[in-house]
Amino acid sequence: NGDEVWGYTCGWNRRVSVSVDTAIGLAVSRDGGRSFIRQGDGPVLGPSLNEPFLVGDGFVLRSSDQFHMWYIFGTRWSREADGRDPDRVYKIGHATSPDGRNWTKEDGVRIIPDVLGPDECQALPSVVEFAGRYHMVFCYREIHGFRNDPGRGYRLGYASSADLRHWHRD
């Protein structure tokens, strides 16, 4: 951003009833990326009414005079069986900002349709512009069994958009 390098980070917090919670922070470098300084003690994007936990994996793209961020947010926790640790369901969301620090979320809007059903977990969105369209690559998996069954594990997904807000999954 100008002469600075901005890094959007993911901070983790341990929890008691579930394993973890996350939020997105900002660190800025003024020496070409050799060192970074955290910008404040709290997140630039965190939980909200319709995105109550696991806000993370932020990917930021500046288009014209607006910053766009795609990120994950948790929708629910589910146990595969009694006595097992709960697994999380998360989806990809979108936020905009005029300055890269103060964000407005499309709170709770799931921008990428599911192909595995409502328990599909989506993560790590990355967006590029090419030939007048925007292209997103992300990963997705089943909620349960992904650690031991390769058929339920992470795979790559793709979506495209003309306006950075409405995505067609292919």
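Buried means under 20% relative accessible area, exposed over 50%, and partly exposed in between (1.4 Å probe, protein chains only).

This is a predicted model, where local features need pLDDT of at least 70, side-chain atom pairs count only at pLDDT 80 or more, and totals for chains, interfaces and linings use all residues. Residues are numbered from 1 along each chain as its sequence is written, and side-chain values use heavy atoms, with hydrogens and water left out.

Q: Is Asp85 buried or exposed?
A: Let's start with where Asp85 sits: the loop between strand 5 and strand 6 (87–97). Strands here are DSSP runs (E, at least two residues), numbered from the N terminus. Asp85 has a relative accessibility of 66%, so this residue counts as exposed.

Q: What separates the C-alpha atoms of Asp85 and Val5?
A: Along the chain, Asp85 and Val5 are 80 residues apart.

Q: Which residue in strand 5 is the bridge partner of Arg62?
A: Strand 4 (residues 53–63) and strand 5 (residues 66–78) run antiparallel, joined by seven bridges. Two strands pair if DSSP finds at least two bridges between them. In the hairpin they make, two residues lie between the strands, and Ser64 takes a positive phi near 60 degrees. The partner of Arg62 is Phe67.

How values were computed
Helices (H or I, at least four residues) and strands (E, at least two) are DSSP runs, numbered from the N terminus.
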